Amino acid sequence: MITLGIETSCDETAAALVEDGSVLSSVVSSSVHLHSEYGGIVPEIASRFHTEYIFSVLTKTFESADRDMNDVDLVAVTKGPGLPGSLLVGVAFAKAIGFTRGIPVIGVDHLKAHVISAFLEGKRLDRIRDLFPFVGMVISGGHTRIYDCRGLRDFRLIGRTLDDAVGEAYDKVARILGLGYPGGPVIERRAASHGGGDKPGFPRALLKNSPGIDFSFSGLKTAVMYYWRDAVKTEQEKDRICYSFQEAVIDVIDKKISMALRATGAERLAAGGGVINNRALRQRISERCAREGVDLCLPPGEYCTDNAAMTAASGEALFNAGERSDLYLTAEPSGARHEHGGKTA
Ligand code: KG4
Ligand code: ZN
C-alpha cells in the first residue's frame, strides 16, 4: 500500500510517499525565510506560499521515489490544528486528488502525527500496534503536550502548556535578544558556546509543589526580558542567557517526562516536534530514559520539524486500523494552531 502524505498546517509545504510504513520520499519546502523579519509566522504569506509551491513539491516527491500518481492507494492530509488558510490548501489539494483518482482520503491530526514521527526509523511502524502503551510528547513551535497513548485512536491528553509552547518561548527569547526567527537553532548554538562566568538563574515554573503535568513558559520568557533589560549588552551575556534559558526549559521537560512515565506506568516514550532537534534536550531525555529503563523513540532531525512523512505514516496506520474520512473532510483549525496563538507575528 502506498500513501501520499500532504502537510500544509503552517509554514512548510510538504509531501511524502510512504509504503507500508517505510518512507519512499519526503520533500519539504519552507517559507520560514519570508517570515524572519516579522519575528513569527505571517499567515497570509504562509498560505500564498503553499498555493505557489504545492504542485512542485508534489512533483519532486514523485520524482525522487520514481513513482507517479497511479501508484497511490491512499491520500493522508493534515486536517488540523493549524492556520486555516494554510490547512485549506492541503485539504483542497488532497480532496481533488482523491476525487479524480477515486481513492480514499484520510484526515490526520497534526499533533498525533508529530508523536508518530518518533517511529519513522527502524521499521517500527509496520508493528505499531505492539508499541502501545507509551507516553507521547509534542514539543514544537505551536504546542507542548503530553499524551497517554493507549492505541492509535486513543491518545489521552494528560499535560499541556498553560501559555507559551516551548518552541514559542525559544522564538520569543530570540526576539528579545535580537537573534532572529526561528529562535531554537540559534539559541542552541549560543548556549553551547557560552564562555562560562556567572549565569542568570531563571525560574522553572510548575515544578516544585505542582502535582500536575502541565507546563508554563511565559514567566521564564518574562524573566529573560527583565534580565536583558538591565544587563550589560554584550554577545557573551547573550550566550550566558541562552544557556540559562535552555537549562531551565530542559529541566522542566525532563521532570515532566519523569512524572508522566510514573503516572502512566508506560515503559516507552515517543517525542516529536521541532524542539526535539535540540541536542542538549535529546541528551537529557536519553539519560532520563536510560536511568528509568524506558525505551526512547525520537525522530531523526529531518522528521522533527513539519514534514509529510509523519502525516502519510499516521494516515496509513489509521486507515489500517479502520479509520475513514469522507470527501466532506474539512480543515479543522481548532481555534488556533498554537495553544495560545503566540507564534504568529
Ligand atoms: O514542529 P515545528 O516545525 O513547528 C510547529 O509545528 O509548531 O517546530 C518549529 C519550532 C520553532 O519554534 C523553532 O524555534 C523550534 O521548533 N526549534 C528548536 C530547534 N530547532 C527548531 N528549538 C530548540 N532547539 C532547536 N535546535
Ligand atoms: Zn508541527
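Is G272 buried or exposed? In this predicted model, G272 is buried, with a relative accessible area of 0%.

G272 belongs to strand β9, which covers residues 268-272.

I116 is 156 residues away from G272 in sequence. In space, the two C-alpha atoms are 7.7 Å apart.

## Helix α5 against helix α8

Two packed helices are described by the angle between their axes and the distance between the axes. Helix α5 spans residues 166-176, and helix α8 spans residues 235-264. Their axes come within 11 Å and cross at roughly 170 degrees. Angles over 145 degrees count as roughly antiparallel, so α5 and α8 are roughly antiparallel to each other.

From α5, the contact uses V166, A169, Y170 and V173. From α8, it uses F245, Q246, V249 and I253. By class, the residues of this contact of α5 with α8 are 7 nonpolar, 1 polar and no charged.

## Helix α5 against helix α6

Helix α6 covers residues 183-192. The axes of α5 and α6 come within 8 Å and cross at roughly 70 degrees. The range for roughly perpendicular is 65 to 115 degrees, so α5 is roughly perpendicular to α6.

Y170, D171, V173 and A174 make the contact on the α5 side. G183, G184 and I187 make it on the α6 side. The contact of α5 with α6 has 4 nonpolar, 2 polar and 1 charged residues.

Y170 and V173 of α5 meet α8. Y170 and V173 also take part in the contact with α6.

How values were computed:
Residues are numbered from 1 along each chain as its sequence is written. Chains are lettered from A and ligands numbered from 1 in the order in which they are written. This is a predicted model: local features need pLDDT of at least 70, side-chain atom pairs count only at pLDDT 80 or more; totals for chains, interfaces and linings use all residues. Side-chain values use heavy atoms; hydrogens and water are left out. Helices (H or I, at least four residues) and strands (E, at least two) are DSSP runs, numbered from the N terminus. Buried means under 20% relative accessible area, exposed over 50%, partly exposed in between (1.4 Å probe, protein chains only). Axes are lines fitted to C-alpha atoms, for helices over the stretch in contact, and angles run from 0 to 180 degrees between N-to-C directions. Angles under 35 degrees count as roughly parallel, over 145 as roughly antiparallel, 65 to 115 as roughly perpendicular and the rest as oblique. Contact means heavy atoms within 4.5 Å. Ala, Val, Leu, Ile, Met, Phe, Trp, Tyr, Cys and Pro count as nonpolar, Asp, Glu, Lys and Arg as charged, and the others, Gly among them, as polar.
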